[in-house]
Structures are given as structure tokens and as C-alpha cells.
Amino acid sequence: MPGQLDTKMRAVAETLIERFGKTVDWTSYDDVPDPATGTVARTANQHTPTISPPVGPNQNYVPGQVIEQGEFDVMLAALAITFTPKVGDEVDIDSVVYTVVKVDWIYSGTLVAAYKCTVRR
């Protein structure tokens, strides 16, 4: 059951990202397999969310993980979007297309307050 912290933190995430972020073109893909034919139909869904300013990834060593050039972290407020970001989505930031390679869900209690997405050129 959502609590008081969920209400406050989700609103704070939305306010800060809307105030300091920028609007981008986000393409989310849905793949629907057809078992009868063995084909996969891909549907592109266009969104224009506001994201936090892109920042370089955390430079802490994580075993088995490679940090690549052209990789950034961006945040999306859960209240402000009508879709769930996922790996494989594409985001156009200043006319450069990035691919989402990782999505972390940031909870404020029982609900998601924001999504932290790592994007790569």
C-alpha cells in the first residue's frame, strides 16, 4: 500500500527533473512473437519525456562490468511518464541517438519514484 513517503518523494522527483531536465525523443520498442510463424513483430512507440541532465556513470569498480566512453546516466520521474523504460529503448539527446543498456528502479517506499537509465552511443 502506497504511503506518505511515496506521495512526497514521487512529487519531488517529478518537480526536480521537470525543472532542471530537458525534453527528449524516446523510442520504446515492443516485441510480440507469433508462435505460429516464428516471427517477431516489432512496434515502435514514440514518447517525449523530460529527463535529468546526462551525467557520466559512477566510476567505482564493479567486477565484471565495463564502463564505455559515450555512456551516461539519465533519470526519468515515474509520475511524469506513461511508459516503463527498458533495455533496448532509444533516446535522442541533442540529435545523438543513445541506446538504453541498463535500467534501475528507484523506490520511494512501495512505488517507483524514478528510473535511472544508463544510455550508450
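## Strands, rings and charges: a short tour

R42 lies over the face of Y29, at 4.6 Å from the ring centre; a charge counts as sitting over a ring if NZ of Lys or CZ of Arg is within 6 Å of the ring centre and within 35 degrees of the ring normal. Welcome to a predicted model, in which local features need pLDDT of at least 70, side-chain atom pairs count only at pLDDT 80 or more, and totals for chains, interfaces and linings use all residues. Residues are numbered from 1 along each chain as its sequence is written, and side-chain values use heavy atoms, with hydrogens and water left out.

**Strands and how they pair**

- Strands here are DSSP runs (E, at least two residues), numbered from the N terminus, and two of them pair if DSSP finds at least two bridges between them.
- Strand β2 covers residues 25-34 and pairs with β6 in the antiparallel sense over three bridges; T27 has E90 of β6 as its bridge partner.
- Strand β6 itself spans residues 90-93, with V91 and I93 on a covered face and E90 and D92 on an uncovered one.
- In a regular strand, side chains alternate between the two faces of the sheet.
- On to the next neighbour: β6 and strand β7 (residues 96-107) run antiparallel and are joined by four bridges, with I93 standing opposite V96.
- These two strands, β6 and β7, form a hairpin with two residues between them, and D94 in the turn has a positive phi of about 55 degrees.
- Strand β8 (residues 112-120) pairs with β7 in the antiparallel sense over eight bridges, and K116 in β8 stands opposite D104.
- A hairpin is formed by β7 and β8 too, with four residues between them.

**Aromatic rings**

- The structure holds four aromatic pairs; rings of Phe, Tyr and Trp (its six-membered ring) pair if their centres lie within 6.5 Å, and planes under 30 degrees apart count as stacked, over 60 as edge-to-face and the rest as tilted.
- One of the pairs is W26 with F83, which is tilted, at 5.8 Å centre to centre and 45 degrees between the planes.
- This pair links distant parts of the chain, with W26 in strand β2 and F83 in the loop between β5 (71-77) and β6, 57 residues apart.
- Both W26 and F83 are buried (buried means under 20% relative accessible area, exposed over 50%, partly exposed in between, with a 1.4 Å probe and protein chains only).
- W105 and Y107 form another tilted pair, 6.5 Å centre to centre with 40 degrees between the planes.
- Partly exposed describes W105, at 44% relative accessible area, and also Y107, at 48%.

**Salt bridges**

- A search of the whole structure finds seven salt bridges, each a side-chain nitrogen of Lys or Arg within 4 Å of a carboxyl oxygen of Asp or Glu.
- K86 forms one with D30, the closest N and O atoms being 3.6 Å apart.
- The two sit in distant parts of the chain, K86 in the loop between β5 and β6 and D30 in strand β2, 56 residues apart.
- K86 also forms a salt bridge with D89, the closest N and O atoms being 3.8 Å apart, which places D30, K86 and D89 in a network of salt bridges.
- R42 meets D31 in a salt bridge (2.8 Å, N to O).
- Since R42 lies in strand β3 (residues 39-47) and D31 in strand β2, the pair ties together parts that are eleven residues apart in sequence.
- R42 counts as exposed at 54% relative accessibility, while D31 counts as partly exposed at 42%.
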